[in-house]
Amino acid sequence: MSGGEHYRTTSSLDARAAALNEAFDGLTAERMLDRLLNGNAAGRVAVVSSFGAEAAVLLKLVADKDPSTPVVFLDTLKHFDETLDYVDSLMERLGLTTLLRVRPSPARLLAEDPDGTLNLRDSDRCCYVRKTLPMITALRHFDAILTGRKRFQTVERQQMDYVEVQESWLRINPLADWSKEQIDAFIAKHDLPPNPLVAQGYPSIGCAPCTVKSDSYRDGRWADSDKSECGIHITEDGKIVQIGANQSAVSQD
Ligand code: SF4
């Protein structure tokens with residue numbers, strides 16, 4: 001029996017999340033990551049990164065603890081070329097050695113988005129096909145994922161815990177209580193290269209068709225709709241999103 005299977009059968013994920021939240025209370029992000037990556041506090045852990053505007057912060061913290069930590073990048077096949085180049089350059093710069101590129105199923109794309117315009121007709125469905133399904137498949141290999149989500153980013157994230165339950169794994173947000181000022185100071189201190197799109201006026205970066213230049217954080221995503229969170233982390237409790245009948249979704253960034 002693997003460590004992950006043992007972990008899931010001996011303790012419910014809710015209880016495990018509660019215990020970790022208690023254990024992490026008052027700890028710095030560095031201490032949390034030390035327990036997770038060097039102390040095996042949550043089993044098999046991967047960091048999930050969109051390689052967006054502030055992705056370098058969490059990736060730097062992870063690299064300092066264990067540069068072999070798997071880094072999952074969801075390549076929706078709709079990213080800016082600048083983001084794809086940034087993935088490779090930042091991995092190399094930080095000395096991270098394990099990149100897992102997760103892509104949508106070609107068969108599913110052929111069936112549901114053959115001309116690549118599904119995002120214009122049904123953005124929730126597009127996120128489901130290009131993000132949710134591939135990530136659910138990829139993340140089942142892990143007990144916990146690390147994200148760079150912060151409470152200040154959106155209204156939906158203001159009550160976010162350090163550790164949440166999502167599908168069959170834990171979602172851990174070591175930077176949850178970091179402010180924008182802390183993020184900027186960390187980037188400056190370590191001279192971390194930003195996603196080059198930041199200099200072009202994109203404060204929050206996702207798929208190219210759904211990202212626009214903006215002065216505010218999430219106004220730059222799905223600017224012409226009420227959608228403020230990608231379909232894969234749309235709920236307040238961060239567990240499962242019901243996009244349509246019998247569909248569920250998970251978070252990635
Ligand atoms: S962010 Fe836009 S292009 Fe990307 S998967 Fe969602 S709807 Fe499709």
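**Close-up views of a predicted model**

**View 1. Buried residues of helix α3.** In helix α3, which spans residues 29–38, the buried positions are Ala29, Met32, Leu33, Leu36 and Leu37. Viewed down the axis of α3, these buried residues fall within an arc of 110°, so they line one face of the helix. The elements covering the buried residues of α3 include α2 (13–24), β1 (45–49), α4, β4 (144–146) and β6 (169–172). The model shown here and in the following views is predicted.

View 2. Leu59 belongs to helix α4, residues 55–65. With a relative accessibility of 1%, Leu59 counts as buried, because the cut-off for burial is under 20% relative accessible area. Neighbours within four places in sequence being set aside, the contacts of Leu59 are Val47, Ser49, Phe51, Val71, Leu90, Leu94 and Leu96. Of the pair Leu59 and Leu94, the C-alpha atoms are 7.6 Å apart in space, while the two residues are 35 residues apart in sequence.

**View 3. Nonpolar cores.** The largest nonpolar core comprises 45 residues, and those with the most contacts inside it are Phe24, Phe51, Leu59, Leu146, Leu170 and Ile172. Helix α4 supplies the largest share of this core, namely eight residues. Another core, of twelve residues, lies apart from it; Leu74, Ile136, Ala138 and Phe142 are among its members.

View 4. Asn40 is not a glycine, yet its phi is positive, at about 55°. The residue is placed just after α3, in the loop between α3 and β1. Asn40 is exposed, its relative accessible area being 55%. Phe51, likewise not a glycine, has a positive phi of about 50° and is located in the loop between β1 and α4. The relative accessible area of Phe51 is 0%, and the residue is therefore buried.

Terms used: Residues numbered from 1 in each chain as written. Predicted model: local features only at pLDDT ≥ 70, side-chain atom pairs only at ≥ 80, totals over all residues. Heavy atoms only, no water. Helix = DSSP H or I, 4+ residues; strand = E, 2+ residues; numbered from the N terminus. Buried < 20%, exposed > 50% of the residue type's maximum accessible area, 1.4 Å probe, protein only. Contact = heavy atoms within 4.5 Å. Core = buried A, V, L, I, M, F, W, Y, C linked by side-chain atoms within 4.5 Å. Arc of directions from axis to C-beta.
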